[in-house]
Amino acid sequence: MYLVLVLTETWLSKRESSSVYFPDKFKVYRYDRIVPNSNRRYGGVAILVHQQLNHQRLTVKENSDEVECVAVEIKMKPISLVIYAVYMRVFDPVVAAKHVINIKELCKTFDTHRIMVLGDFNMSSVKWKMDESEEYYLPTNVDTSMENFLVEMQDVPFFQLSNVKNKFHNVLDLVFVNDLGDVELSVDQSKIVGSVQQDVSHVPYEIAFEYCTR
């Protein structure tokens, strides 16, 4: 059973109640994109946390219709967890810099926590190769507009774990962690989203690590 779900491109608005779409045993933390004067649906992110976990939403400095994100702290042993979920429709270095501000603030405030930065950064031109330790991936073929963001994430340091390619052989959904520890990433084994319902651009994946709620 999954205890945390992270979603991008939820396409939800304030008109839609979380209880309609999500299991009642999960607390849903959402950031819905507001598109003025439009009936079209866009973006949005959500983090769902099971009620058996101790959790709270975190306030971030930069949050707007451009900077789509939501952050949650989950208290567990031996190390508590902070998840920062992101959606970027197109990669924008100015918007990415604002995400970095949020991420660095979280790292400063929760310096003893495991921190995961998850989501769609739409850096389709970047190719990822395994580092020499074979524990995480390094970016290659980096566009200059993306270089500063990736360098700053490496300097924190954060390690990028995902090489899950979509139908177009791109890696859009990235997984940055500040502690490699015992983290394991794989393509979703439980088929929580049926194959016919999956977005071909975003392959569901799962992240596992050992923890205790007590």
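1. Aromatic pairs. Two rings of Phe, Tyr or Trp (its six-membered ring) are taken to pair if their centres lie within 6.5 Å, and the pair is called stacked when the planes are under 30 degrees apart, edge-to-face when they are over 60, and tilted for the rest. The model is a predicted one, in which local features need pLDDT of at least 70 and side-chain atom pairs count only at pLDDT 80 or more, whereas totals for chains, interfaces and linings use all residues. Residues are numbered from 1 along each chain as its sequence is written, and side-chain values use heavy atoms, with hydrogens and water left out. With the pairing rule above, the count comes to seven aromatic pairs. Among them, Tyr21 and Phe22 form a tilted pair, with 6.5 Å from centre to centre and 55° between the planes.

2. Burial is expressed here as relative accessible area (1.4 Å probe, protein chains only), with buried meaning under 20%, exposed over 50% and partly exposed in between. Tyr21, at 46% relative accessibility, counts as partly exposed, while Phe22 is buried, with a relative accessible area of 15%.

3. Phe121 lies in the loop between strand E7 (114-120) and strand E8 (127-130) and Phe176 in strand E11 (residues 173-177), so the pair ties together parts that are 55 residues apart in sequence. Strands (E, at least two residues) and helices (H or I, at least four) are DSSP runs, numbered from the N terminus. Phe121 is buried at a relative accessible area of 1%, and Phe176 is likewise buried, at 3%. Phe91, Phe121, Phe149 and Phe176 together form one aromatic cluster.

4. Charges over rings. A charge is said to sit over a ring if NZ of Lys or CZ of Arg is within 6 Å of the ring centre and within 35 degrees of the ring normal. Lys27 lies over the face of Tyr29, at 5.7 Å from the ring centre, and the charged end of Arg114 sits over the ring of Phe209, 4.4 Å from its centre.

5. Salt bridges. Counting a side-chain nitrogen of Lys or Arg within 4 Å of a carboxyl oxygen of Asp or Glu as a salt bridge, a search of the whole structure finds five. One of them joins the side chains of Asp32 and Arg30 at 2.6 Å, N to O, and both Asp32 and Arg30 are buried.

6. Lys98 is partly exposed at 24% relative accessible area, and Glu66 is partly exposed at 48%. A salt bridge also connects Glu152 with Lys104, at 2.8 Å, N to O, and this pair too links distant parts of the chain, Glu152 being in helix H3 (residues 144-155) and Lys104 in helix H2, 48 residues apart. Relative accessible areas of 28% for Glu152 and 39% for Lys104 leave both residues partly exposed.

7. Cavity. On a 1 Å grid over the protein atoms alone, a cavity is a set of points where a 1.4 Å probe fits but cannot get out, a pocket is an open set with protein on both sides within 12 Å along at least five of seven lines, and lining residues have an atom within 4 Å of a point. One cavity of 30 Å³ or more is found in the whole structure, and the largest cavity holds about 40 Å³ of space. Its lining includes Ser162, Asp173, His202 and Tyr205.

8. Strand E1 (4-8), strand E6 (81-87), E7 and strand E13 (205-208) are the elements that give two or more residues to the lining, and the largest share, five residues, comes from E1.

Conventions. Points joined across faces, edges and corners; volume = space filled by probe spheres on them.
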